[in-house]
Amino acid sequence: MSAFVSLLALGDLFPRGVLPYLLGGLLVGLGTAVIYLATGIIAGASTFLDSTLSYVSSVERFNRFKYVTSRGWRLVFTAGIVSGAAVYVLVSGSGVWTTDVQWWRLLGGGVLVGVGTRLGKGCTSGHGVCGVGSLSNTSLVNVATFLGFAVGTAQLVQALGVAP
Amino acid sequence: MSTANRTPWFIPVIYLGGLIFGFGLAISGMAKPEVVLDFLQFEDFGLLFVMGGAAVVTGITFAVATRHLDRAPLTGETYRRRLKSFDRNVVVGGSIFGVGWGVSGICPGAAYASVGIGNYPILWAIAGMFLGAYAQGYWRSRHSTDAESVTETPSD
């Protein structure tokens, strides 16, 4: 009986189940591993922003050697991410999906994500997946920081009654 | 890495890796801001398995490759772990990113995947990310001291 109750409580923590999350995470890791084993490159998703800006901006920071020499394959990597998600829609038959989160949240949050990931040297994939996988202290501190602030912010936004 | 010693397989493998990565983000729900916000509001803890599962796979891969493998076949690069130098920006940037993630439910990789599931409103977030990245790059180009650029180059 008590085992059944704790199983129910566990179900409350995971209303959508665990499997899609775990499978998704393993595939994200596998995609990173394929690139790493073949090329030695540790691919993060946010450097794409800086390296792509080098195509259209003369600002010196975006035109660093490492951005200009990697901008081509970073475009390909990002195109791969877009197509991979599109393949999921096709094979799962889930259909096209759009968010109800308001545009100003997406835009405003996006600006802060752009500033924060570039200033902080990485994002959820760079620090969160590859940095944590490297047991890097820098990445562990960054992840703890962004998780803490994200939870606080999301709870505050919810408490203010902003939805979706 | 120079472009001269790349094999014809380089670009297809990068694309394949991105494809698996994006498929994973879509199946995990990370491409949906609502799912991410549910996690941050403690209504669905499933996302722990996304970052956790991915970090376990990369962790094992990095550990095995750096210890037992020689050089990457397509580039001749040596295998390294992802180690970035620590400074104040890591904390300040992480805080700003966290607030943005909490407001929007969107991070870079997941935003690209979101385009793939047909979520066109996500273009607001992507436009925002480019604006933010541009603003910080412009500002730092203007304000970087010589000392900063010297210490940053090797690690960043």
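A nonpolar core is a set of buried Ala, Val, Leu, Ile, Met, Phe, Trp, Tyr and Cys residues joined through side-chain atoms within 4.5 Å, where buried means under 20% relative accessible area, exposed over 50% and partly exposed in between (1.4 Å probe, protein chains only). The model is predicted, so that local features need pLDDT of at least 70 and side-chain atom pairs count only at pLDDT 80 or more, while totals for chains, interfaces and linings use all residues. Residues are numbered from 1 along each chain as its sequence is written, chains are lettered from A and ligands numbered from 1 in the order in which they are written, and side-chain values use heavy atoms, leaving out hydrogens and water.

The largest nonpolar core holds 61 residues, and the members that touch the most others are A:F77, B:I14, B:M30, B:L40, B:L47, B:W101 and B:Y112. A second, separate core consists of six residues, among them A:Y36, A:C130, B:A65 and B:Y79. In soluble globular proteins, nonpolar side chains tend to be buried together. With contact taken as heavy atoms within 4.5 Å, and with neighbours within four places in sequence left aside, B:L40 is in contact with A:A150, A:V151, A:A154, A:Q155, B:W101 and B:G102.

Chain B itself has seven helices and zero strands; helices (H or I, at least four residues) and strands (E, at least two) are DSSP runs, numbered from the N terminus. Of the 156 residues in chain B, 52% are buried. Among contacts in chain B with a separation of 6 or more, 50% come from residues 24 or more positions apart. The chain exposes about 6900 Å², of which carbon and sulfur atoms supply 65%; accessible areas come from the Shrake-Rupley method with a 1.4 Å probe, and for residues only the protein chains shown count as cover.

Salt bridges come next, each being a side-chain nitrogen of Lys or Arg within 4 Å of a carboxyl oxygen of Asp or Glu. Over all chains the count comes to four. One of them pairs B:D38 with A:R16 at 2.7 Å, N to O. Because B:D38 lies in helix 2 (residues 33–40) of chain B and A:R16 in the loop between helix 1 and helix 2 (19–39) of chain A, this pair joins two chains. B:D38 counts as buried at 19% relative accessibility, whereas A:R16 is partly exposed, with a relative accessible area of 39%.

Within chain A, the closest N and O atoms of A:D50 and A:R118 are 3.1 Å apart in a further salt bridge. A:D50 lies in helix 3 and A:R118 in helix 5 (residues 103–119), so the pair ties together parts that are 68 residues apart in sequence. Both of these residues, A:D50 and A:R118, are buried.

Another salt bridge links the side chains of A:K121 and B:D87 (3.0 Å, N to O). This pair crosses between chains, from the loop between helix 5 and helix 6 (124–133) of chain A to the loop between helix 3 (47–68) and helix 4 (88–104) of chain B. A:K121 is buried, with a relative accessible area of 6%, while B:D87 is partly exposed at 25%. Salt bridges that share partners also join A:R16, B:D38 and B:D44 into one network.

A:S57 is placed between helix 3 (47–53) and helix 4 (65–92) of chain A and counts as buried, at 10% relative accessibility. Residues up to four places away in sequence not counted, A:S57 touches A:F62, A:N63 and B:Y134.
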